[in-house]
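User: I am new to reading structures, and I want to know where the labels come from. Can we go through them one at a time?

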Amino acid sequence: MGEVAKSVDVSVVLPCYNVETYLDQALCSVEKNTLAHVEIICVNDGSTDGTLAILRRHASSDARVRIIDKANGGYGAAVNRGFDEARGTYVAILEPDDWVEAHMYDDLLTLARRYEAKGFGYPDIVKSSYWRIWMPGTAQQHRLHCSYFKRIRPNHQPFALIDCPRLIQHHPSIWSALYRRDFLRERKIRFKEVPGAGWVDNPFLIETMCQAKTIVYTDTPYYNYREDLPGSSSAMRSLDLSFERWNDMCDVMDRLDIHDHGIRRALDTIGFRYVGEGIGRGGLDDAELKAGMQRIFSRMGTDDILSLTNVSPQLRQLAFALTDRACPQLSGCEYFKALVKEFFYSIRVNGIGFALARTNVYRQRRQQQDANADPSKHHSTDMPAGM
């Protein structure tokens, strides 16, 4: 039976709402951390299934498990409550439909201590790669490296986001990290509290990464993320929610006075990804969604848009058209090079089979997006910039 340490190293927060199918696996995985002094804070957010019974069963056999039973308030409120109750030097988030490798928190704490012993102090954030569980629960399920594996290469460690902006360009993956609890408290970093999941991991990512002065990173993947489960926030999100959260992230950068071109380009890449998804789903035919796209584009700098050679010329032309800016001729050569580079990266990290499958899906999606993004079809001078 695990015992609660007088001094807690890592507080792992599990926000739980109707997750009886996967919860036992998640709890068993975190309980296998035996070197770090861990507490497991389970916030039952008004579950109506067997979640609470599973939590109580684990709490009865492992003293490190603490249960907070509360009325439903959404993902952000549940994690904030867990943070309020946390006693660890570090806090971490485990989503209960995922699981972690046996010693994730042991190893990440060891990494933090290594840099503390070198005189850097405890890093604000200890970040790792993660595993994507593709097509979970099907015969085709398999494990893939995440899209930033082998791409985070700062010249030194610890580092700050300005040294490696790519860290925010991909999936927010806020759960593949430790956060120094005093850092979060001193910077007053909290989750946005909205009903449901609300995709609030996005602004939290930007808040933490932009404010951290010391980040250490390892390419060792520990976290297993079940991708696009039916009913998950990523599978169920609406386009306007994606746009709202991108604007939340941009608001954070504006408030923090972040103007570094590398960081802004990383954020703009995310914006183009969301808009591209919206265009592929016919969003330009919806006046409200079109206005949302325009607002995103209006917050992007002209030079940054021009520099995004990883974004198709058609999408960048649309960005200029919807914001009434003159668009220079954009060559597709650099974009083609970016696609080729991405293809060979996919082969290197996840194999030729995945790379070919991804290329086919990407090609079909891009053809649809580019056809829908023709600026001559959608440019409207009666829609003011900045809506």
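Analyst: Start with a cut-off. Buried means under 20% relative accessible area, exposed means over 50%, and partly exposed lies in between. Keep in mind that this is a predicted model.

User: Why does N18 count as partly exposed?

Analyst: N18 has 29% relative accessibility. N18 sits in the loop between β1 and α1. Its phi is positive, about 50 degrees, although N18 is not a glycine.

User: What makes D324 partly exposed?

Analyst: The value for D324 is 43%. That falls between the cut-offs of 20% and 50%, so D324 counts as partly exposed. D324 follows α12 and lies in the loop between α12 and α13. D324 also has a positive phi, of about 55 degrees, and is not a glycine.

User: How do you know that helix α12 is largely enclosed?

Analyst: Count its buried residues. Eight of the ten residues of α12 (residues 313-322) are buried, so the helix is largely enclosed by the rest of the structure. Among them are P313, R316 and F320.

User: Why is F344 called exposed?

Analyst: Exposed means over 50% relative accessible area. F344 has 53%, so F344 is exposed. Its place is in helix α13 (residues 333-350).

User: What makes F336, V340 and F344 a patch?

Analyst: Nonpolar side chains are joined within 5 Å, and each patch residue needs over 30% relative accessible area. F336, V340 and F344 form a nonpolar patch on the surface, with about 310 Å² of accessible area together. As background, an α-helix has 3.6 residues a turn, so residues three or four places apart point the same way.

User: Why is the contact of R66 with E39 called a salt bridge?

Analyst: The cut-off is 4 Å, from a side-chain nitrogen of Lys or Arg to a carboxyl oxygen of Asp or Glu. In R66 and E39 the closest N and O atoms are 2.8 Å apart, so the pair meets the definition. The pair links distant parts of the chain: R66 is in strand β3 and E39 in strand β2, 27 residues apart. R66 is partly exposed at 21%, whereas E39 is buried at 1%.

User: What makes R299 and D254 a pair that links distant parts of the chain?

Analyst: They are 45 residues apart: R299 is in the loop between α10 and α11, and D254 is in helix α8. Their side chains meet at 2.9 Å, N to O. R299 is partly exposed, with 21%, and so is D254, with 40%. Elsewhere, salt bridges that share partners join E39, R66, R81, E85 and R87 into one network. The whole structure has 23 salt bridges.

User: Which classes of residue line the second largest pocket?

Analyst: Its lining has five nonpolar, no polar and five charged residues. Among the lining residues are F83, V91 and R181. Helix α5 gives the most, with three residues. The pocket's volume is about 210 Å³.

Terms used:
Residues are numbered from 1 along each chain as its sequence is written. This is a predicted model: local features need pLDDT of at least 70, side-chain atom pairs count only at pLDDT 80 or more; totals for chains, interfaces and linings use all residues. Side-chain values use heavy atoms; hydrogens and water are left out. On a 1 Å grid over the protein atoms alone, a cavity is a set of points where a 1.4 Å probe fits but cannot get out, and a pocket is an open set with protein on both sides within 12 Å along at least five of seven lines; lining residues have an atom within 4 Å of a point. Grid points are joined across faces, edges and corners, and a volume is the space filled by probe spheres set on the points. Helices (H or I, at least four residues) and strands (E, at least two) are DSSP runs, numbered from the N terminus. Ala, Val, Leu, Ile, Met, Phe, Trp, Tyr, Cys and Pro count as nonpolar, Asp, Glu, Lys and Arg as charged, and the others, Gly among them, as polar. Patches are made of residues with over 30% relative accessible area and no salt bridge: like charges are joined within 9 Å, nonpolar side chains (Val, Leu, Ile, Met, Phe, Trp, Tyr) within 5 Å. Accessible areas come from the Shrake-Rupley method with a 1.4 Å probe; for residues, only the protein chains shown count as cover. Buried means under 20% relative accessible area, exposed over 50%, partly exposed in between (1.4 Å probe, protein chains only).
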